[in-house]
Amino acid sequence: MHLRKEHAELDIPALQRFIRANPLGLLTTAIPSSTSSFPLLQSTHVPFILDVDDSNDASAAAAPLGRLRGHMARQNPQARAMIEALVGSDDNVLAQDILLVFTSPVQHYITTNFYHETMSSDRRTAPTWNYAAAQVYGRLRVHHDADAPATAAFLAQQLRDLARLGETHIMGYHHGSADEKPAAWRLDDAPGSYVARSIRGIVGLEIEIVRLEGRVKMSQELREGDREGVVRGLRALGTETAERMAELVEERAALRASSRAVRVLDAVSS
């Protein structure tokens with residue numbers, strides 16, 4: 001990922017919150033096929049659960065990166081390439097690192113017509129696109145032995161946790177709730193035979209994160225007049241996405257200003 005200084009997000013807890021808020025990741029692998037049965041590069045969208053061990057040190061530099069848990073269909077060519085590559089492996093960890101990208105649903109084209117300050121002077125600018133994304137690099141363990149009790153246990157827990165994420169944190173449902181919302185679906189609500197059959201049709205993905213970085217590109221590098229023009233221009237479009245992008249541009253500008261203020265305070269205090 002190209003991390004321009006103004007756009008780089010290296011705060012680990014912030015990136016972890018971003019992943020939890022946007023759990024659908026694009027998993028990319030580069031696995032040479034010994035039988036030439038599968039392409040080298042393959043990608044699949046997979047929703048992930050992020051687990052982070054407790055740390056006594058709350059600083060971003062010392063924060064644990066965590067692990068990600070997901071699953072995909074056993075018949076997915078990417079899963080089949082993984083299983084082929086793990087023949088003879090003792091730990092079921094791929095030799096190649098994986099790349100996983102999480103992206104905010106809020107993204108928008110930014111026209112130069114928004115840049116009121118620059119366009120009224122030297123006009124040395126170009127259109128761009130605002131977005132936010134986090135990239136994960138890690139080691140992937142594949143739980144693929146359908147007859148192993150450990151595989152069944154991993155997958156059952158993964159499905160329970162993913163259902164809880166979707167039903168409770170995204171949909172706002174709760175099991176046994178007295179309000180008018182539907183009750184949250186739980187894995188145990190499905191027949192045991194159906195769950196067992198479903199588990200045999202998927203493989204578990206467990207990723208140890210070795211590097212985590214992000215880019216938040218929200219016009220924070222612009223002159224103040226241009227950035228204000230971006231906010232006004234976006235709001236004038238009258239769409240929900242444009243309004244949310246305008247809010248994010250304002251939030252990022254305020255965060256950058258507060259960070260500068262802290263650095264100045266540190267400098268004059270030392």
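Predicted model: local features only at pLDDT ≥ 70, side-chain atom pairs only at ≥ 80, totals over all residues.
Residues are numbered from 1 along each chain as its sequence is written, and side-chain values use heavy atoms, leaving out hydrogens and water.

Okay, the core. The largest nonpolar core holds 43 residues, and Leu68, Met82, Leu100 and Leu205 have the most contacts inside it. By nonpolar core I mean buried Ala, Val, Leu, Ile, Met, Phe, Trp, Tyr and Cys residues joined through side-chain atoms within 4.5 Å, where buried is under 20% relative accessible area (1.4 Å probe, protein chains only). Domain 1 (8-217) and domain 2 (222-269) both give residues to this core, so it lies between them; those bounds come from an automatic or database domain assignment.

Now, the pocket. How much space lies in the largest one? About 460 Å³, counted as the space filled by probe spheres set on grid points joined across faces, edges and corners. A pocket here is an open set of points on a 1 Å grid over the protein atoms alone, where a 1.4 Å probe fits, with protein on both sides within 12 Å along at least five of seven lines; lining residues have an atom within 4 Å of a point.

There are 17 lining residues, and Phe18, Ala132, Val216, Leu248 and Arg252 lie nearest the centre.

Technical notes. Buried < 20%, exposed > 50% of the residue type's maximum accessible area, 1.4 Å probe, protein only.
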